[in-house]
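Okay, everyone, let's get going.

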Amino acid sequence: MTDHRPLMMRANRALGSSLVDHNLITIEALDAANERLLELTADEKNESVSLLHILVYEKQSLTEEQVLAYQVEEMGLGMVDLSGYDQPYDLRKKLDVGACQATWTVPFDVEEGIHFLVTAYYLSPAVRSYWERQLETPILWFITSMENISDFLRKLQMERDNEGSGLRAN
């Protein structure tokens with residue numbers, strides 16, 4: 001994760017500013033959450049630090065449902081559930097799990113040169129620009145919950161660990 005630490009910090013900073021800009025949280029709530037974020041990032045082993053998680057679960061400044069609903073209603077984004085999705089093998093094989101964890105985003109399909117990405121951090125301009133630079137193709141964005149992203153990446157990592165040890169994932 002240390003390779004992706006600057007990306008994770010940019011993603012979280014930009015998300016916080018955007019949440020304030022969209023009137024989803026107050027600047028005071030952001031300041032308190034940023035303090036907690038800095039505490040958590042002091043631990044180098046902390047791989048999935050999330051300002052949104054802190055705001056939702058620790059500080060209870062908003063709900064994730066509020067953020068998702070805002071993005072659907074105000075930004076016209078669609079929602080995707082990755083739990084039953086069978087990601088193409090080529091895409092799954094080359095996926096940078098660290099970058100996905102740092103940005104709370106997963107490229108989940110590609111069709112005719114268009115990448116389909118699902119994210120819990122769409123409101124972070126740093127996340128969108130990172131993936132636009134990485135993929136250099138048109139992107140269709142979708143949103144999902146942090147839990148959905150986390151579960152998908154956990155299963156992917158287990159699959160990779162099992163392949164590395166000669167076991168097959170079910």
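So, Glu-159 and Arg-92 form a salt bridge, and their closest N and O atoms are 2.8 Å apart. Keep in mind that this is a predicted model. Glu-159 is in helix α8, residues 146-164, while Arg-92 is in helix α5, residues 89-94, so this pair ties together parts that are 67 residues apart in sequence. And is Arg-92 buried or exposed? Buried, because its relative accessibility is 17% and the cut-off for buried is under 20%.

Glu-163 and Lys-93 meet through their side chains in a salt bridge, at 2.9 Å from N to O. Again we've got α8 and α5, with Glu-163 in the former and Lys-93 in the latter, 70 residues apart. Glu-163 counts as partly exposed at 38% relative accessibility, and Lys-93 is partly exposed too, at 45%.

How many salt bridges does the structure hold? Five. One of them is Glu-58 with Arg-36, where the closest N and O atoms are 2.7 Å apart. Here Glu-58 sits in helix α3 and Arg-36 in helix α2, so parts 22 residues apart in sequence get tied together. Arg-36, Glu-39 and Glu-58 are also joined into one network by salt bridges that share partners.

Now, α2 and α3 themselves. Their axes come within 9 Å and cross at roughly 115 degrees. The contact includes Ala-33 and Leu-37 from α2, and Ile-54 and Leu-55 from α3. By type, the contact residues split into eight nonpolar, one polar and two charged.

Note on methods:
Residues numbered from 1 in each chain as written. Predicted model: local features only at pLDDT ≥ 70, side-chain atom pairs only at ≥ 80, totals over all residues. Heavy atoms only, no water. Axes fitted to C-alpha atoms, helices over the stretch in contact; angles between N-to-C directions. Helix = DSSP H or I, 4+ residues; strand = E, 2+ residues; numbered from the N terminus. Contact = heavy atoms within 4.5 Å. Nonpolar A, V, L, I, M, F, W, Y, C, P; charged D, E, K, R; others polar. Salt bridge = Lys/Arg side-chain N within 4 Å of Asp/Glu carboxyl O. Buried < 20%, exposed > 50% of the residue type's maximum accessible area, 1.4 Å probe, protein only.
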